[in-house]
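Here's a walk through one model, with the cut-offs spelled out as they come up. Have the viewer open while you read.

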Amino acid sequence: MHLYAFRNYSDQTLTLSSPKTILVGDNAQGKSNLLEAIQLLATGRSNRALRDRDLIQKGKEQARVTARVERQAGTVELELLLRAGTRRLARLNGENQRRQADILGYLNCVCFSSLDLDLVRASPEARRTWLDGILIQIEPIYVRLLEQYQQILQQRNALLKRTGDGTPVPDILEQLALWNGQLARAGSQVMRRRSRLLERLAPLARRWHGSISGGREQLDVHYAPQVQFLADDSQSVQTAFAEALQARQALELLRGTTLVGPHRDEVELTIDGTPARQFGSQGQQRTLVLALKLAELELLEQVTGEPPLLLLDDVLAELDLQRQDQLLGTIQDRVQTIVTTTHLGLFDSHWLQSATVLTVEQGSVLPVLAQP
Ligand SMILES: Nc1ncnc2c1ncn2[C@@H]1O[C@H](COP(=O)(O)OP(=O)(O)OP(=O)(O)O)[C@@H](O)[C@H]1O
Ligand SMILES: [Mg+2]
């Protein structure tokens, strides 16, 4: 892959072909930046940057991330151009694409960073972001569905905000009714996909959780949408959505914001029926997150027919030996893995021997020469 003016990389070419790569380096040298570039090509998103401006090297106007991805189905070249103050430009095999989403789905990855260890306790938004990151990779059109929903939501919120501020808006109920139909249509598409994904993920996560916790505890992963629906067909979800909007209309007018919809979805995580967020110990919460990540890996493999790339950012050292073993045992040589660390001493010698070690220093990646 190649990075140009991306974060602290000025111009870096590197090959990641080994089943296991360890990126070693001191703090703030660019290890996470490199994984971030990969995540960007896989999902169009970064879990750290809110704006493209932050991804572009200071003093530069644009950044470019390119990767040649070799998979069973063939080799593709993905390219993303980030430009200050304007849209991104995506290229697939050198050809400009209309949308960024057109290059998604070719590179699949599961990212597991120390930030994820807080997934259980974090806000519902973090769990929605996690779900969305998987859906984007399975079904790139999902990016469009989410964008459409967000646009409608923003416009509806702008209208509600005026009434919430006390500004009299003529025909407010008629205007709202128009937005409601659109919101329900777009929202139900998002909700149905999240619901189906969790239905597939939940049994996998439960099984992994059972095997890490020695079968002593039972994990439940449950989609808790704001709008309850029973049947997974477009019409009944839209109807449920519209009814929920109707029921909260008076409150929405008062509060000046949209209270119903997938932007407020929750993913409930319970262990033996108790919410893990409130009652789980730190160890239990880590086991849970590990189970979710292994389930994510397995699901992406089931869907695409190939194991995704696994990116482990600073996370191995945070897991105890038993959990490390579970994770490394699952990976073996089958799942191409890139790990970051500040100290090689943290790795088991067998793993170290079979891995390619690269040093990251001030935005440069260098091979580590074998000790004579
Ligand atoms: N847009 C940018 N332009 C230039 N440098 C940047 C930019 N964004 C981040 N950096 C630099 O990148 C470095 C951080 O890189 P990164 O987060 O990859 O570190 P790391 O090697 O993962 O460190 P740690 O071990 O602490 O996690 C910082 O020195 C930061 O100043
Ligand atoms: Mg880092």
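## A loop residue to start with

N93 has its place in the loop between β6 (89–92) and β7 (95–96); helices (H or I, at least four residues) and strands (E, at least two) are DSSP runs, numbered from the N terminus. N93 isn't a glycine, yet its phi is positive, about 50 degrees. Most residues other than glycine have a negative phi. N93 is partly exposed, with 13 other C-beta atoms within 10 Å. On this scale, a residue is buried if 20 or more other C-beta atoms lie within 10 Å of its own, exposed if 12 or fewer, and partly exposed in between, with C-beta atoms placed from the backbone.

## Ground rules

This is a predicted model, where local features need pLDDT of at least 70 and side-chain atom pairs count only at pLDDT 80 or more, while totals for chains, interfaces and linings use all residues. Residues are numbered from 1 along each chain as its sequence is written, and chains are lettered from A and ligands numbered from 1 in the order in which they are written.

## The three-stranded sheet

β9, β10 and β11 make an open sheet in the order β9-β10-β11, with antiparallel pairing. Two strands count as paired if DSSP finds at least two bridges between them. β9 and β11 stand at the edges with a single partner strand each, so one side of each has no neighbour in the sheet. Helix α5 packs on this sheet and touches β9 and β10, and its direction makes about 170 degrees with that of β9. Here a contact means C-beta atoms, placed from the backbone, within 7 Å; axes are lines fitted to C-alpha atoms, for helices over the stretch in contact, with angles from 0 to 180 degrees between N-to-C directions.

Strand β9 (residues 219–224) pairs with β10 over six bridges, and D220 sits opposite T270 of β10.

## The hairpin turn

β10 is joined to β11 (residues 274–275) by two bridges, and I271 has T274 as its bridge partner. The hairpin has two residues between the strands, and D272 there takes a positive phi near 50 degrees. That's another non-glycine with a positive phi. D272 is exposed, with 11 other C-beta atoms within 10 Å.

Helix α5 (residues 172–212) bends by about 30 degrees at L201, and a proline, P203, follows within four residues. The bend is the angle between axes fitted to the seven residues ending at a residue and the seven starting there. Just after α5, G214 has a positive phi of about 70 degrees.

Helix α6 (residues 234–255) bends by about 60 degrees at Q249. Its buried residues include V237, F241, L245 and E252, and the buried residues of α6 pack against α4 (141–164) and α5. Just after α6, G256 takes a positive phi of about 75 degrees.

## Around the ligand

How many residues surround ligand 1? There are 17, the closest being N8, N27, K31, S32 and N33; a residue is near if its C-beta atom, placed from the backbone, lies within 6 Å. Helix α1 (residues 31–43) gives the largest share of this shell, three residues.

By type, the shell holds three nonpolar, nine polar and five charged residues. Ala, Val, Leu, Ile, Met, Phe, Trp, Tyr, Cys and Pro count as nonpolar, Asp, Glu, Lys and Arg as charged, and the others, Gly among them, as polar.

Note on methods: Contact = placed C-beta atoms within 7 Å.
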